[in-house]
Amino acid sequence: MKSNNKWRHGIVLLAGAVVCTAACATTTATTATNAIAAGPAAQDSSPASGNALGDASARRGLLTNGAADEPQAPGNGSITELQQMIRDGKVIEMRTTYNGSYGASMLFYPDQMTYYVALFQQKKFWRVIKTQTDTRAEAVYADFAKTTAQLADSEIRREKLQAENAFSDRLIALQQNRANRLQADVDVARAQQSQVVDRQAQQQEAIRTLRAQQDAAQAELRALQTKVQDLQRQADGDLMPASQ
């Protein structure tokens with residue numbers, strides 16, 4: 001009896017596992033079907049697909065910078081083909097390197113397992129290499145990325161020199177402003193010093209004049225005192241009684 005119960009319990013567990021597996025498979029198939037039906041736009045919404053470089057809204061990317069809308073020379077080559085595929089949203093941006101205004105990108109067209117490696121400046125394509133060999137695509141991309149670094153070297157140095165010159169100009173302006181303020185202070189100090197010197201000279205001249213006036217007054221006072229004394233003696237002499 002116990003053996004039959006155990007057998008029945010095992011059958012129930014096995015049936016539950018089968019049902020769960022079937023439900024999971026149905027869910028997975030439904031998800032895959034919806035993704036295929038939605039096309040590249042739905043696939044691009046996944047962080048792992050669409051763009052290996054991350055969120056396109058948070059960085060600069062070949063597929064989001066309007067490169068496909070920039071007028072190019074007319075033709076039916078790989079450049080025109082890639083531009084049209086970018087506009088149609090058929091390619092996936094795998095890698096992108098920027099150096100100054102130059103850039104290199106490797107894009108993938110999954111429907112035909114084809115790689116497009118592009119060299120461009122700003123929004124204009126310069127060269128596009130089309131290949132179905134991933135190793136060649138990687139090699140061409142590495143060469144294009146190296147080329148962007150070489151091409152942008154003078155551009156980057158020019159930008160640095162412009163920034164350094166602008167920084168030097170700001171420092172010069174600051175120092176000139178400080179020099180102007182100090183010069184104004186020196187000019188005020190010199191003007192004040194000149195006024196002080198002139199005032200001191202005037203004071204010394206006034207002192208000399210006052211001393212001369214004082215000396216003259218003292219001399220006049222002494223002369224008057226002498227005269228007064230003489231007159232006093234004369235007056236006293238006249239009033240003295242005659243000697244007998």
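1. Start with E138: at a relative accessible area of 32%, E138 is partly exposed. On that scale, buried means under 20% relative accessible area and exposed means over 50%, with partly exposed in between (1.4 Å probe, protein chains only). Keep in mind that this is a predicted model, where local features need pLDDT of at least 70, side-chain atom pairs count only at pLDDT 80 or more, and totals for chains, interfaces and linings use all residues. Residues are numbered from 1 along each chain as its sequence is written, and side-chain values use heavy atoms, leaving out hydrogens and water.

2. What does the E138 side chain meet? It forms a salt bridge with R95, at 3.2 Å from N to O. E138 sits in helix α4 and R95 in strand β1, so this pair ties together parts that are 43 residues apart in sequence. Helices (H or I, at least four residues) and strands (E, at least two) are DSSP runs, numbered from the N terminus. R95 is partly exposed too, with 38% relative accessibility.

3. Salt bridges in general: the term here means a side-chain nitrogen of Lys or Arg within 4 Å of a carboxyl oxygen of Asp or Glu. By that rule the count comes to six. One of them joins the side chains of R157 and D153, with 3.0 Å from N to O. R157 and D153 are four residues apart in helix α4, which means about one helical turn separates them. R157 is partly exposed at 47%, and D153 is partly exposed at 39%.

4. Further along, E205 forms a salt bridge with R208, and their closest N and O atoms are 2.6 Å apart. Both residues lie in helix α4, three residues apart, or about one turn of the helix. E205 has 41% relative accessibility and counts as partly exposed; R208, at 48%, counts as partly exposed as well.

5. Now the hairpin. Strand β1 (residues 92–99) and strand β2 (residues 102–109) run antiparallel and are joined by seven bridges; two strands pair if DSSP finds at least two bridges between them. Two residues lie between the strands, and G100 takes a positive phi near 60° in this hairpin.

6. N99 deserves a look of its own. This residue is in strand β1, and its bridge partner in β2 is Y102. The side chains of N99 and T148 are joined by a polar contact of 2.9 Å. A polar contact is a pair of N or O atoms within 3.5 Å; within protein, one must be able to donate a hydrogen and the other to accept it, and residues adjacent in sequence count only if both atoms are side-chain atoms. Leaving aside neighbours within four places in sequence, N99 is in contact (heavy atoms within 4.5 Å) with A145, T148, A149, A152 and E155.

7. Y98 is also worth checking. Y98 lies in strand β1 and counts as partly exposed, at 21% relative accessibility. Y98 and F120 are 22 residues apart in sequence, and their C-alpha atoms are 9.6 Å apart in space.

8. Last, the surface. Which residues make the nonpolar patch of about 300 Å²? F167, L171 and L174 do. Patch residues have over 30% relative accessible area and no salt bridge, with like charges joined within 9 Å and nonpolar side chains (Val, Leu, Ile, Met, Phe, Trp, Tyr) within 5 Å. Accessible areas come from the Shrake-Rupley method with a 1.4 Å probe, and for residues only the protein chains shown count as cover. L174 is in helix α4 (residues 134–238) and counts as exposed, at 55% relative accessibility.
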